[in-house]
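Visitor: Please take a close look at one part of this model for me. I would like the aromatic side chains and their setting.

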Amino acid sequence: MTVAELSAKLSNDELIEWMAYYSFDPWGGYRSDVQTARLEAASTGYRGNLSEILAFEPDPLPPDEIKRREQIAQIAKLERQTAQMAAMFDDIE
């Protein structure tokens, strides 16, 4: 079916409904790859992260969100290190 044929047969309301449905339950190659990876992981007992066995990131994030999460992880790491150092000095007293 061509774009012109589809435009003639599909109303704007129906297009919006399909877009809403897709946002709720996506379909297609990307979704199929993720589902297949989950089935494979379940059948083999794989407990790791799906992104380790997929050729793409299953939950892509915008760059600013990636940076924000990296900063949060770095702060948590530094807080743990600070607590460990404080504990070492507490042991000396």
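Guide: A search of the whole structure turns up one aromatic pair. The partners are W18 and Y21, and their geometry is edge-to-face. The ring centres lie 6.0 Å apart.

Now the local setting. Both W18 and Y21 sit in helix α2, which covers residues 12–24. Three residues separate them, about one turn of the helix.

Are these two side chains buried, exposed or in between? W18 has a relative accessible area of 46%, so W18 is partly exposed. Y21 comes to 41%, so Y21 is partly exposed as well.

Step back to the chain around the pair. Its secondary structure amounts to four helices and zero strands. Read from the N terminus, the order is α-α-α-α. The radius of gyration is 24 Å, whereas the globule rule gives 12 Å for 93 residues, so the chain is more spread out than a compact globule. The C-alpha trace spans about 80 × 35 × 20 Å along its principal axes.

Burial comes next. Of the 93 residues, 8% are buried. A41 is one of the buried residues, with a relative accessible area of 9%. A41 belongs to helix α3. From A41 to I53 the sequence separation is 12 residues. In space the two are 9.0 Å apart, C-alpha to C-alpha.

The surface can be summed up in two values.

The protein chain carries 9 positive and 17 negative charges. The mean positions of the two sets are 2 Å apart.

How far does the predictor's confidence go? The mean pLDDT of the protein chain is 84. A value of 70 or more is reached by 96% of its residues. Among the elements, helix α4 (residues 63–92) has the highest mean pLDDT, 90. Helix α3 (residues 29–44), the element that holds A41, has the lowest, 82. Where pLDDT is low, predicted coordinates should not be read in detail.

Note on methods: Residues are numbered from 1 along each chain as its sequence is written. Side-chain values use heavy atoms; hydrogens and water are left out. pLDDT is the predictor's confidence in each residue, from 0 to 100. Helices (H or I, at least four residues) and strands (E, at least two) are DSSP runs, numbered from the N terminus. The radius of gyration is taken over C-alpha atoms; the globule rule is 2.2 Å times the number of residues to the power 0.38. Buried means under 20% relative accessible area, exposed over 50%, partly exposed in between (1.4 Å probe, protein chains only). Lys and Arg count as positive and Asp and Glu as negative; His and the chain ends are not counted. The place of a charge is taken as NZ of Lys, CZ of Arg, CG of Asp or CD of Glu. Rings of Phe, Tyr and Trp (its six-membered ring) pair if their centres lie within 6.5 Å; planes under 30 degrees apart count as stacked, over 60 as edge-to-face and the rest as tilted.
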